[in-house]
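Here are a few friendly notes to read alongside the model. Please keep the picture open and find each residue as you go.

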Amino acid sequence: MRVEDRARARVGEMETGCGAGQKLEEEEAPAAQREREREWEEAAEAVAYDSCTWPPPVVAVCGPGNSGKSAFSRLLLNTLIDRYKKVGYLDIDVGQPEFTPPGFVSLHVFEEKPKDLTILYLRNPKRCFFFGDICAKRNPKLLLTYIFGLHDYFLQEFYCLGEVGNPKKSAIPLVINTSGWVKGTGLQVLTDMLKYVSPSHVIRVSTIVERKNLPGGMFWMNEGEGDSSVNVVEIPAAQNSPRHMLAKKEARIMRDLRLIAYFRQCLPREFPVFCFDDLVQGFGSIHPFRLPLSKIHVIDLHCQVSLSGTDVQRFLNGTIVGVATNDPPPLSTECSTPCCIGLGFIKAIHISEDCIHLITPVSHKLMEKVDILLLSSIAVPSCLLQASDTLTDITDRLREL
């Protein structure tokens, strides 16, 4: 752009209320992005290669929402795979998980790199728990119980430091992707998790808005309890400009996309989806799995109560639930909730027929063993609701009001 054209553009910005600072920020964005990418790559390589091979690193990636924690966690995961060939990934961000639908705390083990860092990538975890919500605020104690249970399971199965010569039991590194809620209860959950896990590295992702960032240093330790063996690595956020409302909207959209991608697995691969109506038609055409209502134990995880009779119909119709079995047994007495094997969407409940109709990508063989449904408060994508038998029921109830 010529100088006079650039000047006219600046005047135009002022006349329309756009500041020159915004334009300058846009012009500098490519250089700033390259600098950020370089810092991220150096940080990932430092964790993977600047430490001794044994024991493998345990890395927690922390920072405020919309700062790029998940993106850096994937970069770190791929870098560690280059060196260790196998890497654990503990995802404790129930609102924006990386490899599962929302509402899960999950443990994964990777032996190959996720091929594309920019697409949704759903995969079956080694072990997972269904929290049934997108935020820890409702029940932080239960969330911590799940996190501790999966971490202990990882230590038992994949971090056996005393069995160096046993390839099946050899220790592997662990990446922990945390929630972006870093104030109040969210900070307390993060602090308790870090104390329990005792990571070798903590990646602190920071924005230019200091009040949004985590406290500096080893913030999770009490005064005088600092552990010099912990490496705290500071990296810049992917987005330094706060976009509060936009970020919240994007988060909701991403949750819907993950849920749609999950239930899309119920449809044939060749089923054409070009628009919203195609999804509604597809989900409406799925033959639901029938569960015997009398044999199902329905649990509200956050109220610790079981439901029966008309309560089941009132609370379950048109909702997303976790499906689980009592086999295998719970990980420990402290973590008594059964491991979840997948999600289901309740299309209809017929008490007179003793039947629950739900759609799920979980195999029929596994569904035959299901005897527990876990309630959730996760918002249902509208394309699922419109395909549900409950839509008419909801409309009738609104007319009555």
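1. Let's start with D82, which is partly exposed at a relative accessible area of 39%. On this scale, buried means under 20% relative accessible area, exposed means over 50%, and partly exposed lies in between (1.4 Å probe, protein chains only). Before going on, note that this is a predicted model, where local features need pLDDT of at least 70 and side-chain atom pairs count only at pLDDT 80 or more, while totals for chains, interfaces and linings use all residues. Residues are numbered from 1 along each chain as its sequence is written, and side-chain values use heavy atoms, with hydrogens and water left out.

2. What does D82 meet? Its side chain forms a salt bridge with that of K113 (2.9 Å, N to O); the term means a side-chain nitrogen of Lys or Arg within 4 Å of a carboxyl oxygen of Asp or Glu. D82 sits in helix α3 (residues 69-84) and K113 in the loop between β3 and β4, so the pair ties together parts 31 residues apart in sequence. Helices (H or I, at least four residues) and strands (E, at least two) are DSSP runs, numbered from the N terminus. K113 is partly exposed too, at 36%.

3. The structure holds six salt bridges. R204 takes part in one with E210, with the closest N and O atoms 3.7 Å apart, and in another with E234, at 2.7 Å. E234 lies in strand β7 (residues 231-236) and R204 in strand β6 (residues 201-206), 30 residues apart. Is R204 buried or exposed? R204 is buried at 8% relative accessibility, whereas E210 is exposed at 53% and E234 is partly exposed at 42%.

4. Now look at strand β2 (residues 87-91), where five of five residues are buried. V87, Y89 and D91 point one way, and G88 and L90 the other. Two strands pair if DSSP finds at least two bridges between them. β2 pairs with strand β3 (residues 104-110) in the antiparallel sense over five bridges, and D91 stands opposite S106 there. On strand β5 (residues 174-177), which runs parallel to β2, four bridges make the join, and L90 stands opposite I176.
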